[in-house]
Amino acid sequence: MSLCAADISFNRDIRPILSDHCFSCHGFDAKKRKAGLRLDTAEGALTANKEGRVAIRAGDLKASELWHRIGSTDPDSVMPPPETHKPLSDVQKDLLRRWIESGAPYQKHWAFETPAPVPPPQTSSTPSAPQHPIDAFLAERWRREGVSPGPEADRATLLRRLSFDLRGLPPTPAEVDAFVGDTRPGSYERVVDRLLDTPQYGEQMARHWLDVARYADTHGLHLDNERQIWPYRDWVVRAFNRNLPFDQFTIEQLAGDLLPNPSQDQLVATGFNRNNVTTGEGGAIDAEFIFRYAVERTATTAQAWMGLTAGCAVCHDHKFDPISQKEFYSLYAFFHSAADPAMDGNALRTPPVVPVKSEKDAQKLEEFGTRIQEAERAVEARVKGLSYTDPATLNPPPQARDIETVWLEDGTPAGARVQGSPSWVTSADGPVKSGKSALRQRGDGLIQTVYEGLSLDVPAAAKVFAWVRLDSSSLPKMIMLQFFQGDWEHRVVWGDPDATDWGVKGKPGRQPAGPLPKAGDWVRLEFDAEALGLKAGQPVTGIAYTQNGGTVHWDLAGIGGRVDPARDPRSSFSAWLAQHQGKDSKEIPESLRKILKEVPADQRTPEQTRMLREHYLARVCTDTRTIMDPLHAIVADLRRQRDAFQDQLPQTFIWRDMDKPRESFVMVRGQYDAPGEKVGRAVPAALPALKASGPTPNRLDLARWLVSPEHPLTARVTVNRLWQQFFGIGLVKTADDFGSQGEPPSHPELLDWLAVSFRQSGWDVKALVRSLVTSAAYRQSAAVPPALLQRDPENRWLARGPRFRLDAEQLRDNALFVSGLLDGTLGGKGVRPYQPPNIWEPVGYSGSNTRTYRQESGAALYRRSLYVFFKRTAPPPFMATFDAPNREQFCSRRERSNTPLQALQLLNDVQHFEAARGLATRMMTEGGTRPQDRIGFAFKSVLSRPPSPDEAQVVGEAFARFQQRYQADPESARKAVRVGESAPRAGLPDAELAAYTLTANLLLNLDETVTRN
Amino acid sequence: MNPLLEFHRNQTRRQFFGDTGIRLGGLALAALGAGKLNAAAGTPPVARVHPPLPGFPHFAPKAKRLIYLHMNGAPSQLDLWDHKPKLQEYFDKDLPDSVRNGQRITTMTSGQSRFPVAPTMFKFHQAGQSGRWISELLPHTARVVDELAVLKSVQTNAINHDPACTFVMTGSEVPGKASLGSWLAYGLGSENNELPAFVVLTPNWSSKADAQALFTRMWSSGFLPTRYTGVALRSIGDPVLYIDNPPGVSREDRRGLLDALNRLNARTHERWGDPETLTRIAQYEMAFRMQSSVPDLVDFSGESKATIDLYGEDVKKPGTFAASTLLARRLVERGVRCVQILHRGWDQHGNLPSEIRAQCKDIDQASAALIHDLKARGLLEDTLVIWGGEFGRTVYSQGRLTRTDYGRDHHPRNFCMWMAGGGIKGGISYGETDDFSYNVVENPVHINDLNATILQCMGVDHRRFTFKSQGLDQRLTGVEESHPIQALLA
């Protein structure tokens, strides 16, 4: 077929050639541009260079250097150069020739022009002419190609198609009967509306968006630990169900946190850009990952909303599309100040997170708040009634005395948590210094017993002490006492101080105390608490008895010091005041600290003194402890209860910016450690201007810009993705690339009409879906005559109905649904159904909390696939085998492969074989009594239609064979009906149930079953 | 129009196992009226299930198959291959600043106050005709050293495991690209009609420390069609997922079910005319064949005692590295294009001497046996074998250092790998490092160069091997210039 010149469209015919063969050296990227020539703009191509030569002279082949170069046989002069391995075909050369001859008209890349309202083509008023605007647009192409659209699909097939598309589940036989029987006008539209209103609509729509949002339940890199962000997934489901307009859907996900008084839901929505993969790998470099996360989020946003492969511009100016490297980093600047850390900490809840509360939860939390307040008031009231005399005011003051507090004697101190497995020996089997027993530690390398959760006082002028007895035949390299007061950097070492590398030698973190004590006898070790950085008046909450090798007995350890009531801040109010006067003591509540810091002692008001005294008596003074501690305990206990309650509430990752934004730079060659020119936040110049609400634009401005009426991409990209969802292939086939390397739309006017109508409808997603599925094009039969298949194998003309394999989730859900096993509960934490052994284990990091797969039981086995826990580094096989992405990055287009591994899974997976038994059970209990009735029932459940006579015969014969075989082999029958956790229905004979199970297994594997026809 | 011919026209290698249209089971053929086709066109040739792309290979390949022994976690070059006798004098002395030259180090050691040199505690000796220096940890490998090209100057970009593994396997640190094996399966197909073109094995390991994770992205097809994803054969449970029929279902039951399924699906095809339906029939038949070919593959009972002895005792235990190498030989023998064995446990930050000893015991005899065995069967000449990790380890000790105890941090600047077999010159060593094994001083081999070399051996010009994705012509060797290393090629 030859094209006449007038038929040539720059965007359709010429730009793809130039883009693929020329732009990498003669395009937008100024740094890589050769010979100063650019062919992506008319100006560049049509302007003569210094020597007067011009690449293209409109209408004049002979004067066009380009034409000579592409026809040259000289390897040094021919274009494209041979080393690019991208020669032009004769057809391409011919197109270029015609284009130049016709005046070489340029067009801006179609996708960057704002779509203009296009009226649907006028159709004649004959009843057979297309009524629906979509069909009117398609009819032009049909006319051009000389094909006619297919007939409408039969009612049952149509309902099954619609039901899978809108709910992800097949219709029940009753629904089919009702629809087939409803002959009144508008029956189809009514069923569309009914399905759009089911909660499963949101689940079905969310599935697709979750691929775009790269949602998963683990962090994705290195340990790949669990992450809690499933409330985001549930938000997406709800957003579709309440038909949240797509502009709002956009704004809440990209900038919900910046809305005025954002609701909990709007914060949850910002999880969109927290779904990226993150690392907690030891040794990783923070700056590198901060950079990578921002790049990933920028690229994902650009791709999800604009269909732009902006990622190319990370390292260099985009070669094909008008995004310079600087523009990429200007976009990146919007995402560069996220408050989440570079290292995810391998934590379930990497901040920022928000608790997700139901109304009931909020009420309960409020109750806790009230009770805590009451308990605190009781503390205050009791303090007011206390009588206290400051010992410093007594005359004579009380005597100072030495005290010694024992911290360790005969076993674990009360209330302490212990690490290590201490061995306590009594005097019957070893030396004991005091009490009934001593702690014995022996072995190689570092050995220690650690006690935590203590609260031990440090008096003034204190010395820590411990009794030890070394064994002369097994000396340690060193022995060490370690204390926790804020941290563990309080250590004292006897023996070789280099036999440990903790802390810095000679500092409180590792104080050498001298050689090892004499072996063979009990020796009291002592060391100055101050030299260990232990502060008087602050509690020590942990102690460790540590040694390197050898055999050591430890006994009777504690702290000694001097208590002088009149001078001790813990018994004398005036001493305490003096201690903190003028200082900024962190342990004192802020309001009181301010008084102490800023108000001179002699200028304190009586009210201020009263507040200080009450705080002192309630929380500091040791003399009033016996009275106050029980009251404090009530408060603490309530707080603990509230915290525990809050802790078990789900939380979810959200977006928040840092208080002080990071500065952003162009990163040279995309390297995290090579900042170049500094950039501010801005959008690419080829796109409409951004309206900033303040001095610097923020993410909210960006989100609003994406959904502004002038924006050429967002609406087109979105309607195209939905078109792809319902028709199997987008009007722009490369749904993830609307740039010049992507394919131009098959029906540009239709795409623009859909985009403009979508925007004008107020971004009404349900209305758009309704419009798509009510078109005659959608309702066509999918049967394809061979001639049409040959001419249009991908169905780009839409002259037949779309037919494609069900998605991974739909296949599993379908089996569960028709078997009667499905648990349709909406939302919640990811579930772990059947999974073969050794999917997680061979790949999991030993320390990961998703290393071992723990299958759940009961209802969790039968929940919809949307809710199955998704581990990124080892996705569930039912997903991976059927082309689900691994959610490591954005995906808007799943493949539809057809492999033997899929056959094996659908035939043999316990989930599917158990489902087959479920269907068999229904055949036997709901399907009548005769085999042919039961088979008919199964056909209607699985395919929404009765079998044809010969189908009934094939299946009937197969069933008869299975039944014969299982009657002859009861043991096999017994096994076959006990696959899976559910028990076989009582009263059904094994052999018969097994035969029906295999029959159901057959029906669930039919091509027609696994396909949306 | 004959639907079967039509089917062929429309099939463009669409499936994981490729175009199986004319190898349908007898019943399916009958159901489709293919008998008529036979009458008209003669007996159809036995089609390759995984045919190569048109124009592939680009030139006559030296290697037809690849076995990649990936030592996950990064083995120490200093303790195995990179002999640095002078280092003994530097024991516990600080690594000279002039050597380190301000290079980045991981945050695991960047806080260390000093970087004391840890010479290897293991003895090196010269082995083979080539007199290659090799550590006492690899006594068996020493005996096949004349078959190996030892690369001492391999370099990578990444300093941590996750990105480095992703890089070594897919040519990019960022997830989402296609793995080496997937590229090979995509471009070259496979000569086996009953097994996947790209098979992955993940044996167990002996190190006691926490092992680094593997990621399915290391054998993922990335942007390539998913059917080119590596299939991980499993040592526990079904070797291929769901290969076994459910309890109480026999092979005859399955055959009976498939016969009925094929008949019904043939009717579906008549009704809709969709070529996918025919592919599905073919894939179910393929699945049925795999149900017998896979158990046969993993059944070692036919191997001679000599072979078993060659690989060592471990080979009898499923899931060991030894069992995996023997399985790898059986796979390539059956024409599988690429076998990748990922052996974990090489991340020795501390306690290196005892850990590496255990790890070498896992792999030494079996790696050498694989070379011997392939050679004895005439397979080595066109099978490429590669051994190596994702980066190297530092000359300075991480943590405690004594003569017999030390650890080593990550070192991306140079590490050792070896290549052997089809297309590779044996008995050579390539590239040199400085006296501290810290910097390459001669002939660096970047991972992209390594991958270009592998493709070269397999008959593929890496520059012309592209796939369009996300607006770019994606390449295994990336956008920066890279070259096959000519000196390695036989």
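**Figure 1. Leu556(A) lies in strand E13 of chain A, which covers residues 551–563.** The model shown here and in the other views is predicted. Leu556(A) is not a glycine, yet its phi is positive, at about 40°. Most residues other than glycine have a negative phi. Is Leu556(A) buried or exposed? The cut-off for a buried residue is 20 or more other C-beta atoms within 10 Å. Leu556(A) has 21 C-beta neighbours inside 10 Å and therefore counts as buried.

**Figure 2. Ala74(B) is found in a loop of chain B, between strand E1 (65–71) and helix H4 (77–80).** Ala74(B) is not a glycine, but it has a positive phi of about 85°. With 27 C-beta neighbours inside 10 Å, Ala74(B) counts as buried.

**Figure 3. Two cis peptide bonds of chain A are shown, one from Pro351(A) to Pro352(A) and one joining Asn395(A) and Pro396(A).** Most peptide bonds are trans. For the bond from Pro351(A) to Pro352(A), omega is near -5°. Pro352(A) is placed in the loop between helix H15 (325–332) and strand E1 (353–355) of chain A. For the bond between Asn395(A) and Pro396(A), omega is about 0°. Where does Pro396(A) lie? Pro396(A) belongs to the loop between helix H16 (359–384) and strand E2 (401–408) of chain A.

**Figure 4. Helix H17 (residues 573–580) and helix H19 (residues 606–620) of chain A pack against each other.** The angle between H17(A) and H19(A) is about 105°, and their axes are 11 Å apart. This angle makes H17(A) roughly perpendicular to H19(A). H17(A) contributes Phe573(A), Trp576(A) and Leu577(A) to the contact, while H19(A) contributes Leu612(A), Arg613(A), Tyr616(A) and Val620(A). By class, six residues of this contact are nonpolar, none is polar and one is charged. An α-helix has 3.6 residues a turn, so residues three or four places apart point the same way.

**Figure 5. Helix H21 (residues 699–706) of chain A is largely enclosed by the rest of the structure.** Why is this said of H21(A)? Six of its eight residues are buried. These are Arg699(A), Leu700(A), Asp701(A), Leu702(A), Ala703(A) and Leu706(A).

**Figure 6. The contact between chain A and chain B draws on both chains, with 82 residues from chain A and 74 residues from chain B.** On the side of chain A that touches chain B, the elements that give two or more residues are helices H26 (786–791), H29 (900–908), H32 (949–968), H33 (970–976) and H34 (990–1004) of chain A. Which of these gives the most? H32(A) does, with seven residues. Sorted by class, this side of chain A has 37 nonpolar, 28 polar and 17 charged residues.

Figure 7. Along its principal axes, the C-alpha trace of chain A spans about 115 × 90 × 65 Å. Of the 1013 residues in chain A, 48% are buried. Among the contacts in chain A with a separation of 6 or more, 69% are between residues 24 or more positions apart.

Definitions and conventions:
Residues numbered from 1 in each chain as written. Chains lettered and ligands numbered in written order. Predicted model: local features only at pLDDT ≥ 70, side-chain atom pairs only at ≥ 80, totals over all residues. Buried ≥ 20, exposed ≤ 12 C-beta atoms within 10 Å, placed from the backbone. Helix = DSSP H or I, 4+ residues; strand = E, 2+ residues; numbered from the N terminus. Contact = placed C-beta atoms within 7 Å. Nonpolar A, V, L, I, M, F, W, Y, C, P; charged D, E, K, R; others polar. Axes fitted to C-alpha atoms, helices over the stretch in contact; angles between N-to-C directions. Parallel < 35°, antiparallel > 145°, perpendicular 65-115°, else oblique.
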